[in-house]
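Colleague: I have a two-chain model on screen and a few quick questions. Can we go through them one at a time?

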Amino acid sequence: MIQVEGTLKARLAILLLVMVSGLGTLLMLEAFYSTQRAAERAYDSQLEAAALTIAESVQWEGSDPVVEIPAAALQILATRHQERVFYAVLDHTGQRISANLDIAIPAAGHEEAAITPIWRDLTQGDTRWRLHGREYDSAGWEVQDPVQIWVGHTVSGRQALASELFERAIIRFVAMVLLAGILMLLAMQVALKPMRRLRHQLRRRKVDDMRPLNARVPEELREMAEALDTLFARQRESRDTLLRFTADASHQLKTPLAGLQSTSELALNSRDPDEWYRALAGVHDGAQRTSRLAGQLLSLARLRHVGEADELMPLDLKNLLHETVLEWAQREVAMNHDLGLDRLPAEPMVVQGEPWALRELLGNLIDNALRYTPPGSEITLGLKKIGEHIMLYIEDDGPGVAPEVRSRLFQPFERGGRQDTQGSGLGLAIVDSIAQRHAAELQAKERLPHGLRVELHFPAAGEAS
Amino acid sequence: MRRVLLTTVLSFFCLSSSQSISATPLVVEAALDRQVVAPLLEAFEQAHPEIELTYRDRTTLEVDALTEAADPAPDVVISSAMPWQMNRVNQGHAQRLDSVQASEWPEWAKWRDEVFGFTFEPIVMAYRLDLARRMMPPQTHADLHTLLRTQGETLQGKVTTYSPSLSGIGYTLFQQDARYTARFWDLVTAMGDADTHLESDTRSMLEGLTDGRYWLGYNLLGSYAMVWAQQHPEVIVQVPQDYALVVMRTGFIHRDAPHPSAAEAFMNFLLSRDGQRVLAGQTPLFSVRPDVIGPYTAQRLRDQVGDRLYPITLNASLLAFVDPQRRDAFMTRWQREFNR
């Protein structure tokens, strides 16, 4: 049964989505941090510029530094986002010379800024500030101490710039994904075209068209196309076999029917009751053979078409063989033969099987051996365990079968190259079918010095219950 | 002098008559003459009868001190001393106003959407007719300097201007003057030589002019002077022809405003078309909004005076004026030049 499990497109789309969202998360994280950094850098340089401008205006009056805060420095600090601004000028002891807000500068910051320019993030109340501290050399006539300049502003501009940059990054990414998605769809359309072509070709195919495919396919579809070709070849073969079988069967049925016709015609032309009796006996004989032939054909057809065996059960081959051979040995047809069993192994020989089918198999094997060997021949059946397999064999000391015919032995209507028997030629074909149902391997071998040996290798089952 | 003008008779009437038991109070501390701004306040009270307005008129430095003390905080703070207002906003004493009026307000007349300049008042010179009879009245700063140098004896004791130490607006104006040209200090020296009287507000200067104590006033608030000149024909107002500074009254809602929604309503009215129309039509404060028509609008003033208007824009550079060291340095120089 065909189960539809999603579509290739959906699978590709989901795969793409998963990959894109994974990749997207990483990209977004990267974009977030890099935009933050970019905004920080942009605005930190404003702080630097403002600090420098203030430093320029430091002048010494006697022993006191005096700062006339330049208006431009405050404008630079405020930026176009109109940040709140902070500035403080400290002397070398950390004393404030000038400041506009009472934002506390940490003592550690003061020491650190004496060595290198520093940056600090600070929260006062619910307002975030970014501070920059830096020491500048300065000298008056009396005193030559450095001054430290601290500037700072609120961070709304940074946040605005960062979110603006981040937004742009997101828009770029989303646009790219959408575009990639559309291109992917188009690519899928193109890529799946050979599949559509193949589908159309298969759909247009006539029911009885078993010729190999004639299609251009990409590498990925080659295996499928080849499998289809193999399937077609097997169907062709099986149909041919069926046709041959039907022809053969008709032919086989025709011969005895023709015999019946001629016998009955001869009898009808005669007035002699003895003739009639003989003819009637002949007709009876012929009808019996025809009926047997029809029965075997039916059973072969059934075996071949029922398909897989559905109810296999564990059973002991030893018992089955024993019973069947005993039954056949008592029959009239076996009177002139020496039908016997080899010594059977002590342990049970359990296989998975259908009892009726295995009985039929044994029957056919024995019947076959009886028919194709001269009276007085010795027919022996036996069982043997070989590793994981159980071997069932039957051998006779009859004339045997020529090697070139042996391979065709299990085909219907094959009589081992013999025309001198009453056999239908279906016995071994039935055996073959049953063997296949039991996953058993069937082999025909030569027995020395003369005769035929047929072996069946069953897979051994667990213990019989 | 401390003038505390309580609610108008009108609002008293409202309070006693109708439902106004639930009226929201609103306290406005302003350095803006009540008489000048009265039409605007009346219009506001009519538009918002549910708000009980208390308007207190003070000097710029008083307003600034009250803002800092915040005990209790006023709802709205109005002052013409732009650097002080900016300083308080920078310190975080203001709260943001989010409204259509605020967002539509011209960029140059607001800062951080917290403080708004809502008037456009030119800084002028004023003189008595007596002066015009004796000499050519000054039209530019250079004229004024020349006049003081050439007619120093005649004008001795008859010139007046703002005191930079007593008045925030006066200090701001001189700072701005000094920013434009170093020759300003020559003018200060000349004013010192002429024994110029330093007053703390425009009104005192105008009263002096009318009394005849003064003949010439420098750096007066044009809004007051123009109204005064209409009622006192002996006083002539002259917008300087070289450059005229323009100051803005700025207002913001205090961070700790006890009645923030009433304060927002007041600010929005101040910035609205209706409020600005009252300013343009019934007060000499000059409307900033370009879409308002009336005798007193920034646009009209520009048309009359041309490009010589130099508004002191609201930005962070104003903060430099209130830096103590800078202020000290300026005042030291002022004293030196004035007393030379």
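Colleague: Which residues of chain A does the UniProt annotation "transmembrane region" cover?
Modeller: Keep in mind that this is a predicted model. The annotation comes from an unreviewed UniProt entry.

Colleague: How far apart are the end C-alpha atoms over residues 169–192 of chain A?
Modeller: Take residues 12–33 of chain A to begin with: 100% helix, 0% strand, ends 31 Å apart. Residues 169–192 of chain A are 96% helix and 0% strand. Their end C-alpha atoms are apart by 34 Å.

Colleague: Is α9(A) roughly parallel or antiparallel to α11(A)?
Modeller: The axes of α9(A) (residues 355–372) and α11(A) (residues 427–437) come within 9 Å. They cross at roughly 150 degrees. Angles over 145 degrees count as roughly antiparallel. Therefore α9(A) is, relative to α11(A), roughly antiparallel.

Colleague: How many charged residues are in the contact of α9(A) with α11(A)?
Modeller: The α9(A) side includes E360(A) and D367(A), and the α11(A) side includes R437(A). By class, the contact has seven nonpolar and three polar residues, and the charged ones number three.

Colleague: Which helix gives the largest share of the side of chain B that touches chain A?
Modeller: 14 residues of chain B contact 18 residues of chain A. The largest share on the chain B side is three residues, from residues 324–338, helix α16 of chain B.

Colleague: How many residues of helix α4 of chain B are buried?
Modeller: α4 of chain B spans residues 82–90 and is mostly covered. Among its buried residues are W84(B) and R88(B). The buried count is nine of nine.

Terms used
Residues numbered from 1 in each chain as written. Chains lettered and ligands numbered in written order. Predicted model: local features only at pLDDT ≥ 70, side-chain atom pairs only at ≥ 80, totals over all residues. Contact = placed C-beta atoms within 7 Å. Helix = DSSP H or I, 4+ residues; strand = E, 2+ residues; numbered from the N terminus. Buried ≥ 20, exposed ≤ 12 C-beta atoms within 10 Å, placed from the backbone. UniProt positions renumbered as here; feature names shortened; annotations may be inferred. Axes fitted to C-alpha atoms, helices over the stretch in contact; angles between N-to-C directions. Parallel < 35°, antiparallel > 145°, perpendicular 65-115°, else oblique. Nonpolar A, V, L, I, M, F, W, Y, C, P; charged D, E, K, R; others polar.
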